[in-house]
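Subject: Structure handover

Hello,

Here is the structure I promised to pass on. Please open it alongside this note.

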Amino acid sequence: MNYFFQALKQFADFKGRARRKEYWMFYLFYIVFYILLSMIDMALGTFILTFIFAIALLIPSISIAARRLHDTGRTGWWQLILFVPLIGVIVMLIFLIQDSHDDNQYGPNPKAAA
């Protein structure tokens, strides 16, 4: 849960690096909360809660993905590859699951600091 709140604290910070664990734990809690809110929405017969949740976490999701890409030595602009159908998702997933690189232009290796 700390990873989720840490990402929210850095909601508009596109600088620095994010470890794999930080990125995937954020998305794990994102998905859990989204499912819970969608179940509440289904019970209410609306979709407003999930919509508000998704919009509220749009910028934090983009920023943590940019920091994760920085950790693999890539610029955050690689997220635009998601607009390429199917291939973009596969390439982005490969980028996101790669291990941290040594110190690079985006900062020191967070794995070494932890």
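Buried means under 20% relative accessible area, exposed means over 50%, and partly exposed lies in between (1.4 Å probe, protein chains only). In soluble globular proteins, nonpolar side chains tend to be buried together.

What does isoleucine 64 touch? Leaving out residues up to four places away in sequence, the list is Ala7, Ala18, Glu22, Tyr23, Phe26 and Tyr27. A contact is heavy atoms within 4.5 Å.

**How to read the values**

Residues are numbered from 1 along each chain as its sequence is written, and side-chain values use heavy atoms, with hydrogens and water left out. The model is predicted, so local features need pLDDT of at least 70 and side-chain atom pairs count only at pLDDT 80 or more, while totals for chains, interfaces and linings use all residues.

**Aromatic rings**

There are 14 aromatic pairs. Rings of Phe, Tyr and Trp (its six-membered ring) pair if their centres lie within 6.5 Å; planes under 30 degrees apart are stacked, over 60 edge-to-face, and the rest tilted.

Phenylalanine 4 and phenylalanine 5 pair edge-to-face, at 6.0 Å centre to centre and 70 degrees between the planes. Phenylalanine 4 is buried, at 4% relative accessibility. Phenylalanine 5 is partly exposed, at 41%.

Phenylalanine 29 and phenylalanine 33 form a tilted pair, at 6.3 Å and 35 degrees. They are four residues apart in helix α2, so about one helical turn separates them. Phenylalanine 29 is buried, at 18%, and phenylalanine 33 is partly exposed, at 24%.

One aromatic cluster includes Phe4, Phe5, Phe29 and Phe33, and also Trp24 and Phe53.

**The whole chain**

The protein has six helices and zero strands. These are DSSP runs numbered from the N terminus (helices H or I, at least four residues; strands E, at least two). Its C-alpha trace spans about 50 × 35 × 20 Å along the principal axes. Of its 114 residues, 33% count as buried. Among contacts between residues at least 6 apart in sequence, 68% join residues at least 24 apart.

Best wishes
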